[in-house]
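Please study the sequence and the model before reading the solutions.

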Amino acid sequence: MAWCRTAWRPSLLVALLMAVVTGTAAGQEESLFGFGRAATPREVREADTTVGPEGKELPPGSGNAVQGAAVFAQRGCPLCHGPNLVEGPGPKLVVEALEGLSTTYYPVSYWPDAPLIFDFIRRAMPYDRAGILSDDESYALTALLLHRNGLIEEEDVMDADSLPRVVMPHRSRYTEPPADWQPGRPRPWTTPVP
C-alpha cells in the first residue's frame, strides 16, 4: 500500500508489531496472550530491513540490467507488468509509456532516491509473494528499471556503493506528503506525469 511507504516508517511498524505479538507493550515481561517471548534487541534489528533514501542500510550484493531481465522473466513479473514493463494490469514501469496517463503512483524515474526503489522491490515484490527476492535479484531488478528508464547503462552494476550515486532526474520536484494526509485521500503532493 502506497500510504505505508510514506505515512509510516517501516522500522517503527516492525517494532510495534513485535511489541504487540510478544506482549512487551507497556513494559510487560510476559506475553499478552500467554505464549511467546519478548524479542531481543538483535531480533528487532534483524527484522528491520528498511533501506533509507541515502542507502546506508543497503546490503551486500549486486546486479545489472541484463541479470535483471532474466530475474524479471523468471520471477513472473510480466504477469503484472507485461514482458516490456508497460503492459498488463500492474503499473507501467517505463516513463515513455506514461505520456498523458493520469496516475496515482510515482513512475520509477520520479522516485526521489534510487535506494528506495531497491527497498520497495525487495520488501514488496512480487506482489503475491513479497519478500522472496534475494538481495542480488533486487539489485538486478532495480538496475533493469533504472536502465529501461534511461538512468543507467545496461552493463552498469548496482550495489551498495553505486546505487546511492544514481541521480534521479526529478529529485528536486519531490515533496513530502502533508502531515495531515490520511490513507484513502488523494495524494496532493504527487508529481504530475508529463
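Angles under 35 degrees count as roughly parallel, over 145 as roughly antiparallel, 65 to 115 as roughly perpendicular, and the rest as oblique. The model is predicted, with local features requiring pLDDT of at least 70 and side-chain atom pairs pLDDT 80 or more, while totals for chains, interfaces and linings use all residues. Residues are numbered from 1 along each chain, and side-chain values use heavy atoms, without hydrogens and water.

**Exercise 1.** Determine how the axes of α6 and α7 are oriented to each other.

*Solution.* 
Step 1. Axes are lines fitted to C-alpha atoms, for helices over the stretch in contact, and angles run from 0 to 180 degrees between N-to-C directions.
Step 2. The axes of α6 (residues 114-124) and α7 (residues 135-148) cross at roughly 125° and come within 9 Å.
Step 3. Helices α6 and α7 are therefore oblique to each other.

**Exercise 2.** Determine how α4 and α7 are oriented to each other.

*Solution.* 
Step 1. The axes of α4 and α7 cross at roughly 110° and come within 7 Å.
Step 2. The two helices, α4 and α7, are therefore roughly perpendicular to each other.

**Exercise 3.** Identify the buried residues of α4 and what they pack against.

*Solution.* 
Step 1. Buried means under 20% relative accessible area, exposed over 50%, and partly exposed in between (1.4 Å probe, protein chains only).
Step 2. In α4 (residues 65-74), the buried residues are A65, G68, V71 and F72.
Step 3. These residues cover an arc of only 110° around the axis, so they lie on the same side of α4.
Step 4. Exposed residues A73 and Q74 are on the face of α4 turned away from its buried side.
Step 5. The buried residues of α4 pack against α5 (78-81) and α7.

Key. Helices (H or I, at least four residues) and strands (E, at least two) are DSSP runs, numbered from the N terminus. The arc is that of the directions from the helix axis to the C-beta atoms. Contact means heavy atoms within 4.5 Å.
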